[in-house]
Amino acid sequence: MAQKPNHSGGNVSAPNRAPAAKVIAGALANNRVAQALIAALGTHSLHAIVATNVSQTIDFSRLRIGDLVLHVPFGGGSSSQLGNAAGYAALGASAVTGSTGAGSTLNGNVGIYPGFSSSITNFPPTTFSGVENAGNSAAQAAHADALALYNNVQTMPAGTTESALGGLTLTPGTYTSATEMALTGTLTLNGAGNYYFQIGTALTTAAGATIALTNGATAANVFFMVGSSATLGATQTFNGNIIADQSITVGGGTVNGSLIALVAAVTFSTTSAVNAGPGASS
């Protein structure tokens with residue numbers, strides 16, 4: 001039987017509906033599909049599917065040979081799930097406050113929205129390697145994409161319940177706490193894929209706490225969505241991105257990822273280092 005393209009990077013070759021669904025599912029394995037896809041399509045015939053970079057399970061049994069699958073990167077400004085917010089070491093809403101003394105080192109952009117540059121303070125002695133966007137269209141786009149990702153992840157079906165992360169070894173998936181999550185000791189993330197942490201209230205890490213990455217896990221694919229505020233102690237190494245509804249306070253150590261506060265401030269209370277992942281630089 002002749003193969004038909006499914007427009008997602010794979011081909012369909014199957015005589016009936018069920019095998020076709022399996023083949024299309026396999027072809028889409030490397031595409032992260034829109035969180036709101038099924039809700040948006042409802043009960044309508046799946047003649048066209050628009051996929052983005054946010055994970056979601058599709059009922060592939062409803063697909064038919066000839067259905068069109070389109071892949072559109074989420075956020076538009078970057079291949080990262082953070083969209084235009086990728087590349088920001090710190091993105092606040094009311095303020096971004098660097099540490100004094102020796103200052104912190106931020107490898108990435110610094111931004112604020114809807115605040116203005118006057119609310120980005122203590123730079124120097126804190127330094128950053130990218131660009132500053134304050135209250136402009138670039139900052140607005142970054143804030144909008146961060147908010148969209150936050151809402152998408154927080155409204156995903158609840159995952160495995162976890163509140164005390166220290167000493168655990170987790171594989172890719174979704175982990176949920178209706179209240180706070182706390183990290184002491186070492187959390188090991190084992191395996192390539194996306195890690196989503198849905199946190200109802202606060203995220204706290206103790207001094208010396210570490211997130212270790214093994215067997216292909218990467219900080220770029222680790223997302224902590226915090227319902228209130230995040231407070232990081234003198235963390236040896238925190239691997240992952242934090243989007244907090246309110247504020248983020250960093251008390252030292254190294255963060256490999258983006259720190260984004262949607263309503264309030266990102267504050268560095270003592271010397272810290274942040275290494276944002278690659279992303280839009282404008």
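**Aromatic pairs, cores and a parallel sheet**

Visitor: Are tyrosine 196 and phenylalanine 223 buried or exposed?

Guide: This is a predicted model. A residue counts as buried under 20% relative accessible area. By that criterion, both tyrosine 196 and phenylalanine 223 are buried.

Visitor: How many residues apart in sequence are the parts that the pair of tyrosine 196 and phenylalanine 223 ties together?

Guide: The whole structure contains five aromatic pairs. In one of them, tyrosine 196 and phenylalanine 223 are stacked, at 5.7 Å centre to centre with 20° between the planes. Because tyrosine 196 belongs to strand 17 (residues 195-199) and phenylalanine 223 to strand 20 (residues 222-226), the parts tied together are separated in sequence by 27 residues.

Visitor: Which residues does phenylalanine 224 contact, leaving aside its neighbours within four places in sequence?

Guide: Phe224 is among the residues with the most contacts inside the largest nonpolar core, which has 39 residues. Ring pairs also link Phe224 into a cluster with Tyr175, Phe197 and Phe238. With those sequence neighbours set aside, the contacts of phenylalanine 224 are Leu165, Phe197, Ile199, Leu203, Ile211, Phe238, Asn241, Ile242 and Ile243.

Visitor: Which strands stand at the edges of the open sheet of seven strands?

Guide: The strands of this sheet pair in parallel, in the order 9-6-27-24-21-18-15. Each edge strand has a single partner, so one of its sides is left without a neighbour in the sheet; the edges are strand 9 (120-121) and strand 15 (181-183).

Visitor: Which residue of strand 9 stands opposite threonine 97?

Guide: Strand 6 (residues 95-97) pairs with strand 9 in the parallel sense over two bridges. Opposite threonine 97 stands threonine 121.

Key: Residues numbered from 1 in each chain as written. Predicted model: local features only at pLDDT ≥ 70, side-chain atom pairs only at ≥ 80, totals over all residues. Heavy atoms only, no water. Phe/Tyr/Trp six-rings, centres within 6.5 Å; stacked < 30°, edge-to-face > 60°. Helix = DSSP H or I, 4+ residues; strand = E, 2+ residues; numbered from the N terminus. Buried < 20%, exposed > 50% of the residue type's maximum accessible area, 1.4 Å probe, protein only. Pairing = 2+ DSSP bridges. Core = buried A, V, L, I, M, F, W, Y, C linked by side-chain atoms within 4.5 Å. Contact = heavy atoms within 4.5 Å.
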